[in-house]
Amino acid sequence: AKAILDFYNINVTAFTTKACGIEITKTNLEEINQNPLRAPDNEAAKKMEEAIENLRSQGESAGGIVKCIATNVPAGLGEPVFDKLDAQLAKAMLSIGAIKGIEFGKGFDVADMFGSTNNDTAKACENGVDFVTNNAGGILGGISNGNTIEFSVAVKPVPSIFKKQNTIDIFDNETEILIEGRHDICLCPRIIPVVEAMSAITLLDLFLQNKCSNFYKDKGISKLWKRKLQKNIWH
């Protein structure tokens with residue numbers, strides 16, 4: 001899916017923006033592959049690593065936030081009701097284990113904004129239309145608007161921790177459990193390629209639907225040949 005999208009110059013990139021309570025202070029995409037947290041901020045990533053090692057010694061785990069951006073996505077992907085672009089992406093993201101929430105653009109911050117500040121102002125440019133802001137995360141009315149697609153997902157702490165936890169046995173008796181083995185302290189780095197893959201699959205799906213719906217218009221096929229072509233397709 002990513003290879004096909006790349007052919008159309010559509011790029012999907014995910015990265016860690018927060019882990020163990022430590023948040024990035026800059027976004028330099030070139031630094032993503034320079035640290036194990038896959039964060040666009042090497043300095044913040046180093047602090048995250050230190051926090052993870054500290055939690056490891058305590059037998060604890062931590063959650064975080066992963067952000068995903070998709071650039072050069074054409075306007076018109078998705079539809080206003082049953083196949084909203086944001087709804088399809090949300091379904092894909094929430095299908096990934098450990099992800100407990102998703103927000104697009106400004107997300108929950110819009111609850112404290114006004115219409116005049118939340119609305120993304122459009123402006124004319126050499127290539128057609130551009131936006132001054134991207135509070136909507138590149139999606140309006142369930143359809144891509146040509147702006148960069150932006151969303152963030154919340155990753156829960158790994159439940160398999162090295163501390164005794166209260167539970168019950170098969171006879172409903174209260175007891176304790178201590179999990180053994182090897183487990184990650186923070187899942188963000190492992191989830192990033194999954195987020196990218198699920199995003200690419202979803203975007204390509206809607207991209208191909210859009211290409212099909214515009215097939216006749218793009219080819220300039222007459223109504224007569226359109227009916228003949230449809231008949232051949234169905235038979």
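Predicted model: local features only at pLDDT ≥ 70, side-chain atom pairs only at ≥ 80, totals over all residues.
Let me begin with the largest pocket, where strand 1, strand 3, strand 4 and strand 9 each supply at least two residues of the lining. Residues are numbered from 1 along each chain as its sequence is written, and side-chain values use heavy atoms, with hydrogens and water left out.

A few terms will come up throughout. Helices (H or I, at least four residues) and strands (E, at least two) are DSSP runs, numbered from the N terminus. A pocket is an open set of points on a 1 Å grid over the protein atoms alone, where a 1.4 Å probe fits, with protein on both sides within 12 Å along at least five of seven lines, and its lining residues have an atom within 4 Å of a point.

Back to that largest pocket, then, which has a volume of about 450 Å³, a volume being the space filled by probe spheres set on the points, with grid points joined across faces, edges and corners. Of the 21 residues that line the largest pocket, Thr17, Lys67, Glu103, Gly105 and Ser152 are the closest to its centre. Strand 9 gives the most to this lining, with five residues. By class, the lining of the largest pocket divides into seven nonpolar, seven polar and seven charged residues, where Ala, Val, Leu, Ile, Met, Phe, Trp, Tyr, Cys and Pro count as nonpolar, Asp, Glu, Lys and Arg as charged, and the others, Gly among them, as polar.

The second largest pocket holds about 230 Å³ of space. Of the 13 residues that line the second largest pocket, Leu37, Ile52, Glu53, Arg56 and Cys186 are the closest to its centre, and the elements giving two or more residues to its lining are helix 2 and helix 5. Helix 2 provides the largest share of that lining, four residues, and by class the lining of the second largest pocket has six nonpolar, one polar and six charged residues.

Several residues of helix 5 are buried, among them Cys188, Ile191, Ile192, Val195 and Ser199, and here buried means under 20% relative accessible area, exposed over 50%, and partly exposed in between (1.4 Å probe, protein chains only). The buried residues of helix 5 pack against helix 1, strand 1, strand 3, helix 3, strand 4 and strand 9.

Of the 49 residues in the largest nonpolar core, Val66, Ile149, Phe151 and Val195 touch the most other members. Strand 1, helix 2, strand 3, helix 3, strand 4, strand 9 and helix 5 each supply at least two residues of this core, and helix 5 gives the most, with nine residues.

Let me take Phe151, which is found in strand 9, as an example. Why does Phe151 count as buried? Phe151 does so because its relative accessibility is 3%. Leaving aside neighbours within four places in sequence, the contacts of Phe151 (heavy atoms within 4.5 Å) include Val66, Leu89, Met93, Ile102 and Val195. The C-alpha atoms of Phe151 and Ile102 are 49 residues apart along the chain and separated by 6.9 Å.

For contrast, consider Lys100, which lies in strand 4 and counts as exposed because its relative accessibility is 64%. Lys100 and Val155 are 55 residues apart in sequence and 6.2 Å apart in space, C-alpha to C-alpha. Not counting residues up to four places away in sequence, Lys100 touches Leu94, Ala154 and Lys156.

I will finish with two backbone details. Asn9, in the loop between helix 1 and strand 1, has a positive phi of about 65° although it is not a glycine. Asn72, in the loop between strand 3 and helix 3, likewise has a positive phi of about 65° although it is not a glycine, and Asn72 is partly exposed, with a relative accessible area of 44%.

Definitions and conventions:
Core = buried A, V, L, I, M, F, W, Y, C linked by side-chain atoms within 4.5 Å.
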